[in-house]
Amino acid sequence: MGRRDAVQVILEVVAECRRLEPRLIVSYEPGWETRGNGTSANYEGGIVHHTASASSLTRPFPTQTILRDGRVGLSGPLCNFAGPACTVDAPRLHVMSANPANHAGASGGKSMGPLPVTSLFNPRVLGLEIDYAGSVPMLAGQLRVAHVWAKAAAKVVGGGDINRVRAHAETSVTGKWDVGYANGKTYDMAAFRRDAANLTATPPDPLGEIIDMAWYRDREDFENMMNRAAMCRTPADRVSKTGGDWPYDRIANAEAHARAAAQTAAEVKAAVAKLSAPAPAAAAADAATVAAALAQDREFIAALAEATAIAMDRRARDGDPATGPVS
Ligand SMILES: [Zn+2]
């Protein structure tokens, strides 16, 4: 049942993760498409690890270089995906390598589920390295990402069987205890899998998610995109001034929507803020206002969200032109 189309597998896992968690910020280690340990993919499951490096929101990804290049005695890459420290509101997933990575060693541990017992396990399983110490719990944002990734990986390479995603502690034959929440203590993986399987893809809430994501959180990105689009008067401009790889037709169309939605979004957000006011009557009136505004401008907001998703995808893939790839 294994899948050998490694790059496509990665892209499908990312897409499924985004479907499950629209807020997910995905970044890519340059060269991820060809990176690997030299063996060929035959993916049928996934393994969740901790890196054993202390991380924090101010130092979210201390193991990035080691996961890419390896360490003394173990050549890289050491994972296919990584989970930097992050919040639930801005969850992060980093793509490290499409091809098999040196993360799982031989299999045959105490709880293999349906995964195979083999001395050559890495080609069979995608590896997610959550970057945290393991002697403490991972951050809530990282746990969210781990659940999302587990469900996505199970769908893409495991025929939807969540039991095909396991902790390293379950498959290791050398006494690994990751993923841990305390020294030597492994997360309850039955509960982990249950929580992952029970995730449902929630459509973004127009009030909370779409407006915040599309307009407020990524406003700088969006305005930058609009400015670039404004420079383009002709199709030739799109090539000469931007490299021609952006879908400028859609962006240009979204520009008009964006200007209208800016006004609407401000009004809606103000109304939402009032919803927390204690007076029930006022809240009800405001709710009606919000509903009316949303019905009227849903199309604008959707266009705005789409344009912003394009910008976010580009930023995740290529990074900011000024600062390089997101790490
Ligand atoms: Zn491990």
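Mentor: Before we start, a residue counts as buried here if 20 or more other C-beta atoms lie within 10 Å of its own, and as exposed if 12 or fewer do; keep in mind, too, that this is a predicted model.

Trainee: OK, so which residues of α5 are buried?

Mentor: The buried residues of α5 are Met 189, Phe 192, Arg 193 and Ala 196. Looking down the axis of α5, you find these buried residues within an arc of 95 degrees, so they line one face of the helix.

Trainee: Why would residues a few places apart point the same way?

Mentor: An α-helix has 3.6 residues a turn, so residues three or four places apart point the same way.

Trainee: And what is on the other side of α5?

Mentor: There, Ala 190, Ala 191 and Arg 194 are exposed, whereas the buried residues of α5 are covered by elements that include α3, β8 and α4 (168-171).

Trainee: Switching to the sheet, what's the strand order?

Mentor: Six strands make up an open sheet with mixed pairing, and their order is β1-β6-β5-β7-β2-β8. Because β1 (25-28) and β8 stand at the edges with a single partner strand each, one side of each is left without a neighbour in the sheet.

Trainee: How is β8 joined to β2?

Mentor: β2 and β8 run parallel and are joined by three bridges; in one of these strands, β8, Ala 167 is the bridge partner of Val 48. On this sheet packs α3, touching β2, β5, β6, β7 and β8.

Trainee: Which element gives the most to the largest nonpolar core?

Mentor: That core has 56 residues, and those touching the most other members are Cys 17, Val 48, Phe 81, Trp 149, Ala 150 and Ala 153. α3 gives the most to this core, with 11 residues.

Terms used. Residues numbered from 1 in each chain as written. Predicted model: local features only at pLDDT ≥ 70, side-chain atom pairs only at ≥ 80, totals over all residues. Core = buried A, V, L, I, M, F, W, Y, C linked by C-beta atoms within 7 Å. Helix = DSSP H or I, 4+ residues; strand = E, 2+ residues; numbered from the N terminus. Arc of directions from axis to C-beta. Contact = placed C-beta atoms within 7 Å. Pairing = 2+ DSSP bridges. Axes fitted to C-alpha atoms, helices over the stretch in contact; angles between N-to-C directions.
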